[in-house]
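Here is a short briefing on one protein model. Look at the overall fold, then at the confidence, then at a pair of rings.

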Amino acid sequence: RSVWETYREQGEEVLVMHLDPALHQTLRTAYNNAKIIRKQKAGPTLDPKTGLAMEPIVIPEDALGGRGGGIGTNVYSVYADPENPESWHHYALHHAKMVVSCMLTGLESKTVLAKDLAKDGVPFLAVVDSDVEAHSLYAAGCRYVIQQEFLAAQVIQSLLAKSPQADMLGFFKKQSVQHIKDIEQEQGNPTHAAIAEFL
């Protein structure tokens, strides 16, 4: 399940920034005329640090791109360099509720972004490959770092702790059946099917 789909369903505005023309076109097509889910807000959002009303995020016109470019959806695909500080400022990431980087590359730019977002109190989550990268991002102010190998090891450790020693084969058979059901459910989602090759 994509991060943006989860937040779309919660009624959040989602900006997906990337440099993949095929993904850009696929997202624009998949989310054009998608069901719009909007959160009803009781009043202005207050900055937790200052207590002042924060300005709403305005999705720049070039993110909408006219026909098929985000009209009728709350997921906006933008073809922009996610490692470039100019992109961050143009799309006002410093006003975001949260920023998530799913790129495995670009430690230097993620470190700079983590520092910038920490100054504005914007939670930044990132994916990395190594302990060194995780430590570097935490030191720069990243709120949470997902290290793939560590996460996989935790899942396996958790499963082993839950599995009854007497029936490990049966336990893992049940786990795999559930996992297959989850995969098939995702494959039945037309939006996910369209973007699956990019995930």
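Among contacts between residues at least 6 apart in sequence, 60% join residues at least 24 apart. Keep in mind that this is a predicted model.

**Fold**
- The protein has nine helices and five strands.
- From the N terminus on, the elements run α-β-α-α-β-α-β-α-β-α-β-α-α-α.

**Burial and surface**
- The protein has 199 residues, and 35% of them count as buried.

**Confidence**
- The mean pLDDT of the protein is 76.
- A pLDDT of 70 or more is reached by 73% of the residues.
- Confidence is highest in helix H5 (residues 107-119), at a mean of 94.
- Confidence is lowest in helix H3 (residues 61-64), at a mean of 43.
- The pLDDT is below 50 over residues 35-47, a stretch with 28 contacts in the model beyond near neighbours in sequence.
- Residues 52-71 also have a pLDDT below 50, and this stretch has 40 contacts beyond near neighbours in sequence.

**Aromatic rings**
- A search of the whole structure finds one aromatic pair.
- The rings of Phe171 and Phe172 have their centres 5.1 Å apart.
- Their planes stand at 85°, so the pair is edge-to-face; the cut-off for that label is over 60 degrees.
- Phe171 has a relative accessible area of 12%, so Phe171 is buried.
- Phe172 has 30% relative accessibility, so Phe172 counts as partly exposed.

Technical notes
Residues are numbered from 1 along each chain as its sequence is written. This is a predicted model: local features need pLDDT of at least 70, side-chain atom pairs count only at pLDDT 80 or more; totals for chains, interfaces and linings use all residues. Side-chain values use heavy atoms; hydrogens and water are left out. pLDDT is the predictor's confidence in each residue, from 0 to 100. Helices (H or I, at least four residues) and strands (E, at least two) are DSSP runs, numbered from the N terminus. Contact means heavy atoms within 4.5 Å. Rings of Phe, Tyr and Trp (its six-membered ring) pair if their centres lie within 6.5 Å; planes under 30 degrees apart count as stacked, over 60 as edge-to-face and the rest as tilted. Buried means under 20% relative accessible area, exposed over 50%, partly exposed in between (1.4 Å probe, protein chains only).
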